[in-house]
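Reader: Please take a close look at a single part of this model. I want one connected answer, with the cut-offs stated.

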Amino acid sequence: MSPVVAVANQKGGVGKTTTTHSLGEAMAEQGRRVLLVDLDPQACLSYAAGLDPESLPASLHDVLIGRDSAHNVVVTAGRCSILPASIDLAGSEIALATKVGREHALGRALADIRAEFDIVLIDCPPSLGILTINGLTAADAVVIPLQCETLSHRGVGQLLETIADVRAYAKPDLAVLGAIPTMFDSRSRHPREIAADVAARYGLRVFEPAVPRSIRFAEAPASGASILDHAPKSRGAEAYRELARQITEALAP
Ligand SMILES: Nc1ncnc2c1ncn2[C@@H]1O[C@H](COP(=O)(O)OP(=O)(O)OP(=O)(O)O)[C@@H](O)[C@H]1O
Ligand SMILES: [Mg+2]
């Protein structure tokens, strides 16, 4: 069964969407059939992948509320396939809130499509609400993008507690693969110290290389392509290619 990986951190702007998109494109470049899932009502991943979230006939929202199947909603974007988001997804939270088994909606929706892919990557929204819980429950493993700055470890503890809850109530074998340092400034000692602190404090693997901070990442979404096409030879693109290889390896049985 193809592994499902949730890219999660409830802190905003730490690089979840960029990491999901770049890892997905890198894994596709490496010959994998990749499904991206945009679980954020802001639809940034869908936009970054070159789609216009406002003009899509259907989105993940329709799938989560049982109005449409994942097969009908999936579209191709770059080298990947994607279940796109729309602002309607904000309504999914409300619609799911009163449903029994609400945390399983995404897992159920993916069940009939994941066999067509080698890997599924879920871009979670910046909250620990019902959408992120759905992402974690659907997942076999989690990666945590981490912007290494003061206090960034506090959010990690809270996220790990939520993951422990998901394990206890829904998904006993949910694995945490590790943290990916993003927007990393290698000239300063501080980020390295924080990465080491997070690794020690939580017993987390901190992936290397860290993803360097670069303006090329900020430019990429407007071009509808990931860093791998926007700046294919950049250090950022190379970092995500190497991280994709390591994550694929970590997922292998
Ligand atoms: N390595 C990097 N260097 C410089 N800028 C980056 C890097 N990675 C991401 N960015 C930029 O930082 C901003 C936030 O990144 P991104 O949208 O991936 O974070 P996010 O965690 O998904 O945010 P949100 O919590 O809002 O969903 C974006 O403008 C993105 O282009
Ligand atoms: Mg995002």
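Author: First, a definition: buried means under 20% relative accessible area, exposed over 50%, and partly exposed in between (1.4 Å probe, protein chains only). Strands (E, at least two residues) and helices (H or I, at least four) are DSSP runs, numbered from the N terminus. This is a predicted model, where local features need pLDDT of at least 70, side-chain atom pairs count only at pLDDT 80 or more, and totals for chains, interfaces and linings use all residues. Residues are numbered from 1 along each chain as written, chains are lettered from A and ligands numbered from 1 in written order, and side-chain values use heavy atoms, without hydrogens and water.

Now the strand β7, residues 175-182. Six of its eight residues are buried, so β7 is largely enclosed by the rest of the structure. Its partner is β6, residues 141-147. The two pair in the parallel sense, over seven bridges. Pairing requires that DSSP finds at least two bridges between the strands. One bridge joins Val 142 to Val 176 of β7. How does the chain get from β6 to β7? It passes through helix α8, residues 152-169. This β-α-β crossover is right-handed. That term means that, with the strands pointing away from the viewer, the path from the first strand over the helix to the second runs clockwise.

One general point on strands: in a regular strand the side chains alternate between the two faces of the sheet.

To recap, β7 pairs with β6 in the parallel sense, and six of the eight β7 residues are buried.
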